[in-house]
Amino acid sequence: MTTRTLVTIDRKAVRQNVASVFARSRKRIFAVVKNNAYNLGMLEMVETLTASDVHHFAVAELYEAIEIKTNFPDSYVLVMNPTEDFETARRFGIALGVSSLEWLALNSKQLQGIELHLKINVGMNRFGVSSLQEAEAVLALAQADSLALTGLYTHFPLADEPDADHDGQVERFVAIADVLRKRHTFTYMHSENSATIVKHDPRLAFCNYVRPGIFLFGYSPIEKMDWLVPSLRMTTEVVEIREIGPGEHVGYGTNFTSTEPMRIAILPVGYGDGVVRGRAALPVHIKEKPYPVINKLFMSHTFVAVDGTVEVGDEVVLYGDGVEIDDITRTGAANNSEQMCARSWRLTHQYL
């Protein structure tokens, strides 16, 4: 573990984002906390969300659900990826997503006592049934075998894509959901991911939960949201200063060659720590002043062009102080979820 690079995660920011999502949706929250809660720490984030009156969680894998249920036994957890460990799901009281009609037909006899959520595929083509006929077959099988089909949901993959057919995907989900809701009572209906929440689509008013992920942690997959509060700050320090002359290279290869005398600060952090190379698109901040990254990031080091005021030991802000994860994303150099999930836990982490 390195103490030179510090990641600070602000629980208060998460609580503020929960309140803002609720204020805008007026629906209960089914929080997506897959991949270690977007790499902010599963247990710490679930604890923070629970304290904010969020008690329903969606994850990708069964082991994530077990971690939550072991530590927060009163929580409700949905596993969205297919699994065949039905005994464990039953023992921990974990809900499972119905990934396909074939999956349900193959395993229906083993699913007694497990809550199920039927997913409607509207274009992601990852999991779920893709037609009304398949959905009706799932419903018929669930009713015939007395299965606990308590949830209905979808995922809108085009919600954050301008000029894409998001509207058509909503129509497909609503058309199937309207038929199913006349024949069956669903306790949980959730379709609005972070990007969909802000659309305030009246056609989705029947859904009683929203299912945000990255919004809860202060980042937006679409345009900037002034009401979101970034929860992550990352700092490192200058470990070396080098003076170079015209025509000299910096780092591996010849991607950067100085055209004049320069002062270079070396930072002890790179892509090996999960700082994606796209981070080089915007400056870092030292003593509240921006300085450009030169060349690309390397495994363990980053090079920054500085002036004479910068010294060894100075704190360097990688994320925070005006350059956030979303800002890097909007340069087109990286994705916000990618930046969060890439970060290594060998870095020192602290929670506020």
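Helices (H or I, at least four residues) and strands (E, at least two) are DSSP runs, counted from the N terminus. The model is predicted: local features need pLDDT of at least 70 and side-chain atom pairs count only at pLDDT 80 or more, while totals for chains, interfaces and linings use all residues. Numbering starts from 1 along each chain as its sequence is written, and side-chain values use heavy atoms, with hydrogens and water left out.

Q: What percentage of residues 231–352 is strand?
A: UniProt lists this span, in an unreviewed entry, for "domain: Alanine racemase C-terminal"; UniProt positions are given in the numbering used here, feature names are shortened, and annotations may be inferred rather than shown by experiment. The end C-alpha atoms of the span lie 10 Å apart.

Q: How many residues of strand E6 are buried?
A: Buried means under 20% relative accessible area, exposed over 50%, and partly exposed in between (1.4 Å probe, protein chains only). Strand E6 covers residues 115–120 and is mostly covered. Of its six residues, the number buried is five.

Q: Which residue of E7 is the bridge partner of Lys119?
A: Two strands pair if DSSP finds at least two bridges between them. E6 pairs with strand E5 (residues 95–98) in parallel through three bridges, and Val98 has Leu118 as its bridge partner in E6. E6 also pairs in the parallel sense with strand E7 (residues 148–154), over six bridges. There, the partner of Lys119 is Tyr153.

Q: Through which helix does the chain cross from E6 to E7?
A: A crossover is right-handed if, with the strands pointing away from the viewer, the path from the first strand over the helix to the second runs clockwise. From E5 to E6 the chain passes through helix H6 (residues 101–107) in a right-handed β-α-β crossover. The crossover from E6 to E7 is right-handed as well, and its helix, at residues 132–144, is H7.

Q: What is the phi of Asn125?
A: Asn125 belongs to the loop between E6 and H7, and it is exposed, with a relative accessible area of 62%. Most residues other than glycine have a negative phi. Asn125 is not a glycine, yet its phi is positive, at about 55°.

Q: Within what arc do the buried residues of H3 fall?
A: In helix H3 (residues 42–51), the buried residues are Met42, Met45, Val46, Thr48 and Leu49. The arc is that of the directions from the helix axis to the C-beta atoms. Seen down the axis of H3, these residues line one face because their arc is 160°.

Q: Which residue stands opposite Phe303?
A: Phe303 is in strand E16 (residues 302–306), which pairs with E12 in the antiparallel sense over five bridges. Contact means heavy atoms within 4.5 Å, and beyond four places in sequence Phe303 has contacts including Val250, Ile264, Ile266, Ile294 and Phe298. The residue opposite Phe303 is Ile266.

Q: How far apart in space are the C-alpha atoms of Phe303 and Ile264?
A: Phe303 counts as buried, at 15% relative accessibility. Phe303 and Ile264 are 39 residues apart in sequence. In space, their C-alpha separation is 6.5 Å.

Q: What is the relative accessibility of Asp321?
A: Asp321 lies in the loop between strand E17 (315–319) and helix H10 (325–329). Its phi is positive, near 55°. Asp321 counts as partly exposed, with a relative accessibility of 41%.
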